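Please read the following report alongside the sequence and the coordinates.

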Amino acid sequence: MLPARRRAEDAACERAERSASAELEEQVEQLKEAVTSHAVIDQAIGVVIAVGGIRPAEAWDVLREISMRTNTGLRLVARRLIAWPRTQELDPVIRAELERQLAQRREAADPVATEPG
């Protein structure tokens, strides 16, 4: 094989390896972010369970609804909820939606208790 052609092939292989390496590094960073994000959301689910006395699946629905109805990213809602016990502060918009969501679930669980009497 001609030396120039060999050098060109070697250079092409090196570029391909660098590109693959960069792509793998990006994927690793994305996975790290996903794991961290998942942990934060799980912790927020725990806060909602503790505050509302509801099941994990319902707590997930509450988080999702708060995010959608307040137009706030799910991870941001989760971070604010897990900071709440420590800071004793919760964004009033998120707090109002949390209370509304929990009240809806209480009403659905016991409709007789909410009927005028």
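## Model and confidence

This is a predicted model, in which local features need pLDDT of at least 70 and side-chain atom pairs count only at pLDDT 80 or more, while totals for chains, interfaces and linings use all residues. Residues are numbered from 1 along each chain as its sequence is written, and side-chain values use heavy atoms, with hydrogens and water left out.

The mean pLDDT (the predictor's confidence in each residue, from 0 to 100) is 86 for the protein chain, and 86% of the residues reach 70 or more. Confidence is lowest in helix α1 (residues 3–52), where the mean is 79, and highest in helix α2 (residues 56–70), where it is 97. Where pLDDT is low, the predicted coordinates should not be read in detail.

## Overall architecture

The protein chain contains four helices and zero strands, so that its elements run α-α-α-α from the N terminus on; here helices (H or I, at least four residues) and strands (E, at least two) are DSSP runs, numbered from the N terminus. Of the 117 residues, 25% count as buried, a term that means under 20% relative accessible area, with exposed meaning over 50% and partly exposed lying in between (1.4 Å probe, protein chains only).

Contact means heavy atoms within 4.5 Å. Among the contacts in the protein chain with a separation of 6 or more, 50% are accounted for by residues 24 or more positions apart.

Two packed helices are described by the angle between their axes and the distance between the axes. Axes are lines fitted to C-alpha atoms, for helices over the stretch in contact, and angles run from 0 to 180 degrees between N-to-C directions. The axes of α2 and α3 come within 9 Å and cross at roughly 115°, which makes α2 roughly perpendicular to α3 (angles under 35 degrees count as roughly parallel, over 145 as roughly antiparallel, 65 to 115 as roughly perpendicular and the rest as oblique). On the α2 side, the contact is made by Trp60, Leu63, Arg64, Ile66, Ser67 and Thr70, and on the α3 side by Leu74, Val77 and Leu81.

α2 also packs with α4, at an angle of about 135° and with the axes 9 Å apart, and these two helices are therefore oblique to each other. Residues making this contact include Val62, Glu65, Ile66 and Arg69 of α2, together with Ile94, Leu98, Gln101 and Arg105 of α4.

Glutamine 101 is found in helix α4 (residues 92–109) and counts as buried because its relative accessibility is 1%. Leaving aside neighbours within four places in sequence, glutamine 101 is in contact with Val62, Glu65, Ile66 and Arg69.

The side chain of glutamine 101 is also joined to that of arginine 105 by a polar contact of 2.8 Å, a polar contact being a pair of N or O atoms within 3.5 Å; within protein, one must be able to donate a hydrogen and the other to accept it, and residues adjacent in sequence count only if both atoms are side-chain atoms.

## Positive phi in two loops

Asparagine 71 lies in the loop between α2 and α3 (74–87), and its phi is near 55°, a positive value in a residue other than glycine. Asparagine 71 is exposed, with a relative accessible area of 72%.

Glutamine 88 is placed in the loop between α3 and α4, and has a positive phi of about 60° although it is not a glycine. Glutamine 88 is exposed, at a relative accessible area of 61%.
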